[in-house]
Amino acid sequence: MLFYVIRRLLYMIIILFLLSVVAFIIIQLPPGDYVSAYVAEMQSMRGERLAEEEIIALRKVYGVDRPMYVQYSKWLWKLSHGNFGMSLQLQRPVIDLIAERLPLTVLICILATIFTYAVGMPIGIYSAIRQYSIGDYFSTVFGFIGLAVPNFLLALILMFLFYKYFGFSIGGLFSLQYMDASWSAGKFIDMFKHLPIPVIVIGTPGAAALIRTMRGCLLDELRKQYVITARAKGLEERTLLFKYPVRVAINPIISTIGWTLPWLISGGTITSIVLGLPTTGPLLFEALLKQDMELAGSILMILSFLTVIGTFISDILLVLLDPRIRYEKSAV
Amino acid sequence: MDFENKTILNNKNITLLQVKNLKVYFYLEEGILKAVDDVSFDIGRKKVLGIVGESGCGKSVTAQSILRIVPHPGRTVEGEILLHQNGNLVDLARLNPSGREIRAIRGKEIAMIFQEPMTSLSPIHTIGNQIMEAVLLHRDISQSEARELTLEMLYKVGISNPHQRIDEYSYQLSGGLRQRAMIAMALSCNPSLLIADEPTTALDVTVQAQILELMKELQREFGMSIIYITHNLGVIAEISDEVLVMYLGKAIEHANIDEIFHNPLHPYTIGLLKSIPKVGKKARTRLEAIKGIVPPPLDLPRGCRFYQRCREAKEGICNVDNPSLIEVTKGHRVSCFLYK
């Protein structure tokens, strides 16, 4: 087991390195660089035309005149020392920009995850044990709609409904008067009023998918012989259900639980833009548009890191929960 | 009625379970599948009843209906399943299949083992956990006493090193060991009836013989009755006192073991016995087979269900009426127009 963990940690470092290469390439992929994006913006927004010398000077300042591999190694060197660099566009340390937005992002993420599992699991289980009942059909329809409707559309619809029937605007996380205010009880309550919509919007597709997965996995298990064995023993249905088939059916779900970590942060991007949420999603979007290398790269690397960590946590959980996998691992 | 009550009274000490006119139907979209159609039999205390028949003849469903675990969309539509329990009669067919009464009987009075030892144990719980669960459910003892008892049971079913095995998972055991563990689980509450649904079918022949031997031994020790379901007449000969032959949901012959093997009456039983390979027979002779195939069980034609495949079939009789199960000689019942 210890050997397994150490080996997995080594893999993680290699994977993170490869991901950094990919992230870097993807950011550099569109033609031009930060300076050309800046020049184009200046031109279109203010009609200013920068002189050739100025552009060259800017290139030098920002270091985008150097060859790609030099830029990359400089970035990686800084990154590996915990230095996320500066945002070119906002002229502030990347670490500050992310730190500002991270707590609220994490809060929304955690709530959305709880929403996903609190809704998805019970409905999925119900759907499986009452297969082809009205409730099952209802949840199937809900599941498909939840999966098919794009997040931003759901966000718009909910915003509209809340505004129409409850009479308050629900965009953002705070009402106007609290926007720049420091934390107070009033601001806190105000935030909780705004939270349900982003949480529902971000959590719904996950919940819908989970209903389908849970139903499918559990249906497979319910037909298995060991369920009948347990019933023939005289166990009560509910005890039986949760001790055997549900417990087995949950394993594939646990093996993907870690993947929700990065998905909730990035998957919320469009929703966050629509709802005007101060989370990391819109920050990443903006940085990518402007080719703000160090900001975009850092956020991507954080997301990658979360993915890798999430997968790692999932695998460890699965090893702890499923003796069959534990057995294979110890045999290796 | 008076007479019937008297027989029940007289049989109190020898009869354990009476199945009367049992009908179990499956309501499918294509129609009604009569998996068990008017089957009756008794089983005495400490007796072994073998139920034999081809796949789909309703032998497993009969067993499942005794424990009331017939899978959806099957339903027990008619009949009685009378269990003699310390002088009381309980009609299992009338109990709520998920109710308290039947749950108190499952695993305690009537236990069951299954064909697939690979899948009949949970993959993620230890053997010990699953056996102890049954013990703790039906007996008023502590966790540690249950563990002691489990170890003892594992030892009794011939699992060497039970102290290690008790904490192992099913995938760590061989097929034979898993079936032994299943038997240990079934017998842990000392049931009065053990239903064995093809318990050796999925095992190697050598392991099969060991398991069969073990079951005979344990029957002597625990004194339970056994319903042994199989399609293998050789196994039936090894273990049974009585045999019930089933064909397409009907009981077609019921007699003690010697009668079945030496004086079979129903053409189907005769055909089955002829299809067993025998040691000492001339090599390369063809085995006799029953011609034709089992007709699809939905929308059965009128008359005897074996009509199309029967060598003795008489047109105008066998394809018009359904023969009923009648006692030809004492204790030998057969359902065929040849013996009226």
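A:Y132 is exposed, with a relative accessible area of 56%. The cut-off for exposed is over 50%, so A:Y132 qualifies. Remember that this is a predicted model. Where does A:Y132 lie? In chain A, in the loop between helix 5 (94-129) and helix 6 (134-148). Now look at the backbone there. Phi of A:Y132 is near 65°. That is a positive value, and the residue is not a glycine. Most residues other than glycine have a negative phi.

B:K46 is not a glycine either, yet its phi is positive, about 60°. Find B:K46 in the loop between strand 2 (31-44) and strand 3 (48-52) of chain B. Is B:K46 buried or exposed? Exposed, at 57% relative accessibility.

One more backbone point, still in chain B. The peptide bond from B:H72 to B:P73 is cis. Its omega is near 5°. Most peptide bonds are trans. B:P73 sits in the loop between helix 2 (59-67) and strand 4 (74-85) of chain B. Keep B:H72 in mind, please. We will meet it again.

Let's step back to chain A as a whole. How many helices and strands does chain A have? The count is 17 helices and two strands. Its C-alpha atoms fill a box of roughly 85 × 60 × 35 Å along the principal axes. Chain A has 332 residues, and 44% of them are buried.

How do some of those helices pack? Take helix 1 and helix 16 of chain A. Helix 1 covers residues 2-28, and helix 16 covers residues 293-321. They pack at an angle of about 150°, with their axes 9 Å apart. Angles over 145 degrees count as roughly antiparallel, so helix 1 of chain A is roughly antiparallel to helix 16 of chain A. The crossing of these two helices is right-handed. What kinds of residue make the contact between helix 1 and helix 16 of chain A? There are 20 nonpolar, five polar and two charged residues.

Here is another pair in chain A. Helix 2 covers residues 34-46, and helix 3 covers residues 52-62. Their axes come within 9 Å and cross at roughly 135°. That makes helix 2 of chain A oblique to helix 3 of chain A. Helix 2 of chain A passes helix 3 of chain A in a right-handed crossing.

Next, the open spaces. The largest pocket holds about 1300 Å³ of space. Which residues are closest to its centre? From chain A, they are A:I129, A:R231 and A:E237. From chain B, they are B:P71 and B:H72. In total, 33 residues line the largest pocket. By class, the lining of the largest pocket has 17 nonpolar, seven polar and nine charged residues.

On to the second largest pocket. About 970 Å³ of space lies there. Its lining has 32 residues. Nearest its centre lie B:S40, B:F41, B:D42, B:H254 and B:R333. Four strands of chain B each supply at least two lining residues: strand 1 (15-28), strand 2, strand 10 (250-256) and strand 12 (332-334). Which strand gives the most? Strand 2 of chain B does, with six residues. The lining of the second largest pocket divides into eight nonpolar, 13 polar and 11 charged residues.

The largest cavity has a volume of about 100 Å³. Its lining draws on both chains. Chain A gives A:T229, A:A232 and A:K233. Chain B gives residues including B:G107, B:M112, B:M182 and B:C189. The elements with two or more lining residues are helix 10 (225-232) of chain A, plus strand 6 (110-113) and helix 7 (175-187) of chain B. Helix 7 of chain B has the largest share, three residues. By class, the lining of the largest cavity has eight nonpolar, two polar and one charged residues.

Methods: Residues are numbered from 1 along each chain as its sequence is written. Chains are lettered from A and ligands numbered from 1 in the order in which they are written. This is a predicted model: local features need pLDDT of at least 70, side-chain atom pairs count only at pLDDT 80 or more; totals for chains, interfaces and linings use all residues. Side-chain values use heavy atoms; hydrogens and water are left out. Axes are lines fitted to C-alpha atoms, for helices over the stretch in contact, and angles run from 0 to 180 degrees between N-to-C directions. Angles under 35 degrees count as roughly parallel, over 145 as roughly antiparallel, 65 to 115 as roughly perpendicular and the rest as oblique. A crossing is left-handed if the near helix is turned anticlockwise from the far one by less than a right angle, and right-handed if clockwise. Ala, Val, Leu, Ile, Met, Phe, Trp, Tyr, Cys and Pro count as nonpolar, Asp, Glu, Lys and Arg as charged, and the others, Gly among them, as polar. On a 1 Å grid over the protein atoms alone, a cavity is a set of points where a 1.4 Å probe fits but cannot get out, and a pocket is an open set with protein on both sides within 12 Å along at least five of seven lines; lining residues have an atom within 4 Å of a point. Grid points are joined across faces, edges and corners, and a volume is the space filled by probe spheres set on the points. Buried means under 20% relative accessible area, exposed over 50%, partly exposed in between (1.4 Å probe, protein chains only).
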